[in-house]
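Subject: Structure handover and notes on domain and helix contacts

Hello,

My notes on the contacts follow below it.

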Amino acid sequence: MRTIDDFTRPLEYISPMDGLLGSIFRDWVEKEVMPYRRQFDEDYRDHRLIHPPFKKLLGEYGLQRMIFPEDLGGWGMGRSNYMCTAAFRMFEEIARADTGMALAFGALFWPFLFIALEPHENRRLLEEFAPMFCETTEPVFAALCMTEPQGGSDIENIEIVKGSTIRTTAVLDGDEWVINGHKLWPSNTGGLARLMAVVCTTNPGSDDPRDIAVIYVTSDTPGVTQGPPYEKAGMAADMNSDVWFENVRVPSWYRACGPGDDAKYFGEIMSTGNMGIIAWISGAMMNIYERLTEFVNRKKYRGLPLKENDAVAGVLADFAANIEAIRIVGYQCARMCDRHDLYGPLWDPGLVAKMRAQRYLAMDRFIEVTGRVMNLMECFGTDRDWDVEKHWRDLKILQLVEGSKQLCQIETARWFYECRTL
Amino acid sequence: MNDLELFPYPKNRLQKTDLDLAASLQDLVQKEIVDKRLELKEDYRGLLEPNLNKLLVEVGLQRMFWPEKLGGEEHNGPEAAYTVAAALEQVGRADTGLAYLAAHNLALQASLAMRENLNQEACGRFAPLFCDGRGPVIVSFVLPVFGEDEKAPAWRGKSFQVRARAASGSWVLNGKGVRPTCSGADAHLFGAWCAVEGEEQPAFILVPGDAPGLSRGPEFKKTGLAASRNADLDLSGVEVPAENCLFRGDLEYRRLLSWFYLGVSAAAVGGLLAAYQILKEWGDNRVIKGTGNVFKENPLTGALMGEIAQDISMSRLLAYDLAGMLADPTTFGDAGSDMVYTAALMIVHHVLATAERALHRTMELMASAGYAKEWQLERYWRDLKTVQCYVGSHELAKHDFARWFYGARTL
Amino acid sequence: MRGIDVFSRPLEYLTPLGEQVGEIIREWVENEVIPYRRRFDEDYLEHRLILPPFKKLLGEYGIQRILFPEDLGGWGLGHSDYLCVAAFRMFEEIARADSGMAVAFGVVFWPLVLICCEPHVNRRLCEEFAPMFTGTTEPVFSCLAMTEPQGGSDIENVEVLKGSTIRTTAVQDGDEWVINGHKLWPTNTGGVADLMAVVCTTNPGSRNPDDIAIIFVPCDRPGVTQGPAYEKAGMAADKNGDIWFENVRVPLWYRACGPGDDAKYYGEVVSLGNMGSIAFAVGVMLNIYEKLQEYANRKVYRGLPLKENDAVAGVLADFATTIEAVRIIGYQCARMCDRQDLYGPRWSPEIVARARAHRYFAADRALEAIGKVMNLMECFGPDRDWDVEKHWRDIKMVQLWLGGKQLSQMEVARWFFECETL
């Protein structure tokens, strides 16, 4: 029988670790996640079922170490030129079981992009935080705090609002930052995060990019409060909550890259974040393909398996064709994020725009074809036991993170058509 | 059963005269257009112009609303909306472009000669032109367009193409590179929604095609709508009598558009019905996967054909819904009210978008027969897309919807 | 203003030769095609305007020689592992001006693939036909005659029908084939073709692939009649007509690859045809992007260029995004067809299915995006002087050929879901 491995990947892009990582993840997913995932929705607050597989993957297998340099106990992926392609494979594999887990896993590395990648490695901060992740077999989560109550994800619209709407403030007091503010929605909060990177302003209302600061805060610092996790339409494994910062004090060198650079390298979060979303979509579609294959083989119509009906086959074909397209585009995105020597820096506005473009297209395609698959499956399409509806709910949520479709469209238009006032 | 009757519409709402008109038009266009078009293709002189004469003059569509004493048929109550829908559907089936032209003509009649808002003076001046039996009157509109001229005054963000100045007893009109909604090369009467110098309120002014100072550019090539030989216009100091200004208010302007959109929607439904008939003829004896499997019996192609029929049915129902709203102003309000106008705009866009999708799918089924001129399908595809573009940008229309439903003010 | 070269391509796939020829074609397009193309529609029967640029490109620049081995006066591209990527670039560049020309150009090489490419080079036929293409500066056209009156492009459904519906017969008489039949629609007919490859059966009604024969027929053979070019919705440069074969005699060794292999390598023709179709769609969209940029910059709405309006920008973004995705998928498809060492033989049902999936995805996306652009341009959308409507008409045809969308869907479903009776 055909498997998910029959979909096209650009074979020349595959990372050297692909085979190893792929088999570790697939094995882990089959044994640790698949048997339990249908109960995850109700586990959103306690993570009783969700935590143990994470402990295995992050802590025991040590995946949480991978972005740190080798001499600090990590796997050195931050310095490689295949991090994104390798991540694409890992993301696909996890998302195949549960997109929420894939997002929690991916978001764990987000804050470290600022300090672990060339050419802006921050050695002092790496040394500071590596032990937290590399010297334990317990899972450790990190979070990137961006969204605020007033502007939603508008804050991510850096090119236009240039940080002027950020209300979380960082004030230098001697050799310490004093942080005050209120953040919403970061992945891996709700009590989970041990370390946070907080997007703040050093000069409220300013649209000077140098006033945007990304500052690390360990969650046990006095004044940091994480609220209880929100209840959402899906994505239980991705815990989100309010985070309050009240006169939180951290050393002044906890700032990620420094004035100007914090804003500049924020683009890397956008590029890789959008690339990651495509991988999650691809992974979810792989699983839907598996479930759908089972469905159309098992169900009969006029004495033949459902798949032998031409009208059904039309829907099946569209689903497969869309996986092909999304996966190919996704791997190309990952390659573009990896090979800066060919495609330019990861924070380049052109690259960010292209990643955003591909991500919203992939999402639109996913929603259209998955909607049709669910309709084809009739009452089983919305049945939790068939898993398709779960992916559909999860990805709808994913469509709305990191800026909506409209924000993506505006950014895409701004770059490709040089719009100036959008 | 007449195969067009397969598609649901509120037949109970139509007068016997409407049904008779539709039936006679169905015969007429079959004989005069459908049966001849393989030979005559989209020839303007050979096929389209003579039939425009038949429809507007001989059948009398261009006399429909005008008062009897002026030579018209005085079918000028709101219930005429059903007549417009039933007639233009049939015309649109034969040639969507002809129906599109007739929609202009009928919308202008409705805006001048409707019983409740009868414009005595203007009827007296213009009815003879339509009723003298000397030939078809091709009516075209000059409407504000999307982003034409930076310096032009704007109407809801769209630029007026023509500026009018009030002189003593006349209007003086100016505009360069003006693009009318149809027939720039042929139209006898242009109805222009003009900016008025020094005044806030625009004016809808009728400009005869032979007015001094009006010059027509060369006919330009476009995707479809062969019946509308379009050309850009230049108006330099065109002077028309003050009475040619038919109205100044938004209400009347939207009333005109609502009726126009009804005609266009019906024309589009006609195009869809034609596509249905072509596909049916083709699909009846087409085989797939070797001999013995008729196209329509295949689950996939059959389902697609079903989907196309669904699209056609829904479009037809919507077009008649619009007719129903225009036919009953006591229930729904004036044709120019925000609500009815918004509904008309939504329906025409929905019908045209559905038509585009249905035509695409029909072509996909018919493969090379879909694009070979021989099968006559592709002309509907081109015509409907062209109509859709001329009706305007869907994105901007959505702003009108948002204005009405959410109270958006600055869009 | 950003040009068309900002759109992503997998840079690692590009070849020096393809890029060089791409540049040459771009210049040729600017000088020889774009100034005249608005009159091509009316030139469909005569090719008075269309033939001179072809003479320059094919004959004088000698591009018609590229597939043949170097020792026979060709450029040896048939032996290379970058034929498809190079062709993709050429197709894009030509289609940017006129996809009808791109089709006519591509089809020159289509039948020759069967005899010029490894591992099935037919040296004797190469030697026979090379002089026809390499020994002249006049343009020489070939065509591949498949479609027949009764089944339409159903005949291309080789996997299911196995040639059983082919009615054009080839009967062996001594050391000659005697061919009788009637073909419709081949590109480059209507009197244009000098050489044809004809899909025939050596045993009418048989389902044995050995009985499918592809036989070369020079068009000046007695008994070959080409009808006049059809009138179509677009693509005037691509002439199609009826062809009748009446007791046409050619030597036995004019058969392309032999029993079994003709049917087998026919898949290659389908893969490459699909790959090329994507390139046509991309080329067309690149030109529409140029026209759209001009439009959205020049036209003004509320005092600003159209592109500065968010609602417009949404449409612009969707269009750019579609180009990005379709182009990436197209190049991947081309690479897959080139690197048979990595992806397997391009005549395999697997690659055929993938290429079909990529192609119909691309065509659907392109048509949707172009349709929206036309509507945005209101009355200028269908105006010939803005060129967009021409591309829209042309590209619809690209979607419909090679069996149309539904046949593609069936092949895709058959492969990805292992349907057995479709």
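This is a predicted model: local features need pLDDT of at least 70, side-chain atom pairs count only at pLDDT 80 or more; totals for chains, interfaces and linings use all residues.

On the α11(A) side the contact is made by K354(A), A357(A), Q358(A), Y360(A) and L361(A); α8(C) brings A317(C), A320(C), T321(C), E324(C) and A325(C). Sorted by class, this contact has six nonpolar, two polar and two charged residues.

Helix pair within chain B

The second pair consists of α7 (residues 250-284) and α8 of chain B, with axes that come within 9 Å and cross at roughly 155°. Angles over 145 degrees count as roughly antiparallel, so α7(B) and α8(B) are roughly antiparallel to each other. Their crossing is left-handed. Among the residues of α7(B) that make the contact are W259(B), L262(B), V269(B), L272(B), L273(B) and Y276(B). Those of α8(B) include M305(B), I308(B), I312(B), R316(B), L322(B) and L326(B). By class, the contact of α7(B) with α8(B) has 17 nonpolar, four polar and one charged residues.

Chain B against chain C

In the contact between these chains, 41 residues come from chain B and 45 residues from chain C. On the chain B side, the elements that give two or more residues are α8 (299-327), α10 (338-366), α11 (368-371), α12 (377-391) and α13 (394-406). Of these, α12(B) has the largest share, with seven residues. The side of chain B that touches chain C divides into 13 nonpolar, 15 polar and 13 charged residues.

Domains 1 and 3 of chain A

Chain A is assigned domain 1 (4-138), domain 2 (143-259) and domain 3 (262-417). The C-alpha centres of domain 1 and domain 3 of chain A are separated by 20 Å. In the contact between them, 30 residues of domain 1 of chain A meet 33 residues of domain 3 of chain A. The domain 1 side draws two or more residues from each of α3 (83-97), α4 (99-109) and α5 (113-116) of chain A. The most come from α3(A), with eleven residues. That side of domain 1 of chain A has 18 nonpolar, seven polar and five charged residues.

Domains 1 and 3 of chain C

For chain C the assignment gives domain 1 (4-139), domain 2 (144-260) and domain 3 (262-416). Here 20 Å separate the C-alpha centres of domain 1 and domain 3 of chain C. Their contact takes 29 residues from domain 1 of chain C and 34 residues from domain 3 of chain C. On the domain 1 side, α3 (83-97) and α4 (99-116) of chain C are the elements that give two or more residues. The largest share, eleven residues, comes from α3(C). By class, this side of domain 1 of chain C has 18 nonpolar, five polar and six charged residues.

Regards

How values were computed
Residues are numbered from 1 along each chain as its sequence is written. Chains are lettered from A and ligands numbered from 1 in the order in which they are written. Domain bounds come from an automatic or database domain assignment. Two residues are in contact if their C-beta atoms, placed from the backbone, lie within 7 Å. Helices (H or I, at least four residues) and strands (E, at least two) are DSSP runs, numbered from the N terminus. Ala, Val, Leu, Ile, Met, Phe, Trp, Tyr, Cys and Pro count as nonpolar, Asp, Glu, Lys and Arg as charged, and the others, Gly among them, as polar. Axes are lines fitted to C-alpha atoms, for helices over the stretch in contact, and angles run from 0 to 180 degrees between N-to-C directions. Angles under 35 degrees count as roughly parallel, over 145 as roughly antiparallel, 65 to 115 as roughly perpendicular and the rest as oblique. A crossing is left-handed if the near helix is turned anticlockwise from the far one by less than a right angle, and right-handed if clockwise.
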